[in-house]
Amino acid sequence: MARARTPVVTGWFAGAGDDFRLLGTRCSACASVFFPREDHHCRNPACGGGELAEISLSRRGRIWSFTDSRYRPPSPYVTDPELSWEPCAFIAVELEAERIVVLGQAAPGITVAALAVGLEVEVVPGVLHEDAETTWTTWHWRPTGVTA
């Protein structure tokens, strides 16, 4: 039986393969871009408010900062000691066009040794967790030119 593929957060990303994108919103009044997306009002305190439109964010950006996680995360994350857990790298990426910083996990196999501030990365589909029924999907950052 195939597992259902379910986004960890609905509406934050869409697509698959080369069509995979993070989804944000842009204010029609001030052009501010938001991720995670905003559905109710512009978060820019200097803006009088405008219509918010969904946009696809840049697929590429440059590493702004990064770190590794060497401890098992606390609840509500997957913390069952019976499940395997591997340390991972987290990357803060300044998106190419929007110039906002988006945090995400590095793609599997990418360690902090392969990262550097300013390195170009791209967003790719990822898996946060799998159980018997569901594959919980998310996004990962991967250095450009590296294949899965």
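This briefing walks through the salt bridges, aromatic pairs and cysteines of the structure above. Keep in mind that the model is predicted. The structure has ten salt bridges, five aromatic pairs and zero disulfides.

**Salt bridge Glu54–Arg37**

- Oppositely charged side chains can pair once their charged atoms get close.
- Among the ten salt bridges is the one between Glu54 and Arg37, where the closest N and O atoms sit 2.3 Å apart.
- This pair ties together distant parts of the chain, with Glu54 in strand β5 (residues 52-56) and Arg37 in the loop between β4 (33-34) and β5, 17 residues apart.
- Glu54 has a relative accessible area of 47%, so it counts as partly exposed.
- Arg37 is partly exposed too, at a relative accessible area of 22%.

- Arg59 and Glu122 join through their side chains in a salt bridge, at 3.8 Å from N to O.
- Here again distant parts of the chain are linked: Arg59 belongs to the loop between β5 and β6 (60-69), Glu122 to strand β9 (residues 120-130), and 63 residues separate them.
- Buried or exposed, what are Arg59 and Glu122? Both are buried.
- Glu122 also has a salt bridge to Arg60, with an N to O distance of 3.8 Å.
- That pair spans 62 residues, from Arg60 in strand β6 to Glu122 in strand β9.
- Arg60 comes out as partly exposed because its relative accessibility is 34%, while Glu122, at 9%, counts as buried.

- Glu120 lies in strand β9.
- Why does Glu120 count as buried? Its relative accessible area is 19%, and the cut-off for buried is under 20%.
- The Glu120 side chain has a polar contact with the side chain of Thr144, at 3.1 Å.
- Setting aside residues up to four places away in sequence, Glu120 touches Arg60, Gly61, Arg62, Glu96, Pro143 and Thr144.

**Gly61 and its surroundings**

- Gly61 is part of strand β6, and its relative accessibility of 3% makes it buried.
- How far apart are Gly61 and Glu96 in sequence and in space? They are 35 residues apart along the chain, yet their C-alpha atoms are 4.5 Å from each other.
- With neighbours within four places in sequence left out, the contacts of Gly61 are Val93, Glu94, Leu95, Glu96, Leu119, Glu120 and Val121.

**Aromatic rings**

- To describe a pair of aromatic rings, you give the distance of the centres and the angle of the planes.
- The count stands at five aromatic pairs.
- One of them is Trp12 with Trp139: the ring centres are 6.2 Å apart and the planes meet at 45°, which makes the pair tilted.
- It links distant parts of the chain, with Trp12 in the loop between β1 (4-7) and β2 (13-14) and Trp139 in strand β10 (residues 134-143), 127 residues apart.
- Trp12 is partly exposed at a relative accessible area of 25%, whereas Trp139 is buried at 9%.
- Phe13 and Phe20 make another tilted pair, because their planes are at 40°, with ring centres 5.6 Å apart.
- Phe13 and Phe20 are each buried.

**Cysteines**

- A disulfide covalently bonds the sulfur atoms of two cysteines.
- This structure has zero of them.
- Cys42 is in no disulfide, and its nearest cysteine sulfur, that of Cys30, is 3.6 Å away.
- Which residue holds the closest cysteine sulfur to Cys47? That residue is Cys30, but at 3.7 Å its sulfur is too far for a bond.
- Cys42 counts as buried, with 11% relative accessibility.
- Cys47 is buried as well, at a relative accessible area of 18%.

How values were computed
Residues numbered from 1 in each chain as written. Predicted model: local features only at pLDDT ≥ 70, side-chain atom pairs only at ≥ 80, totals over all residues. Heavy atoms only, no water. Salt bridge = Lys/Arg side-chain N within 4 Å of Asp/Glu carboxyl O. Helix = DSSP H or I, 4+ residues; strand = E, 2+ residues; numbered from the N terminus. Buried < 20%, exposed > 50% of the residue type's maximum accessible area, 1.4 Å probe, protein only. Contact = heavy atoms within 4.5 Å. Phe/Tyr/Trp six-rings, centres within 6.5 Å; stacked < 30°, edge-to-face > 60°. Polar contact = N/O pair within 3.5 Å; in protein donor to acceptor, adjacent residues only side chain to side chain. Disulfide = S-S within 2.5 Å.
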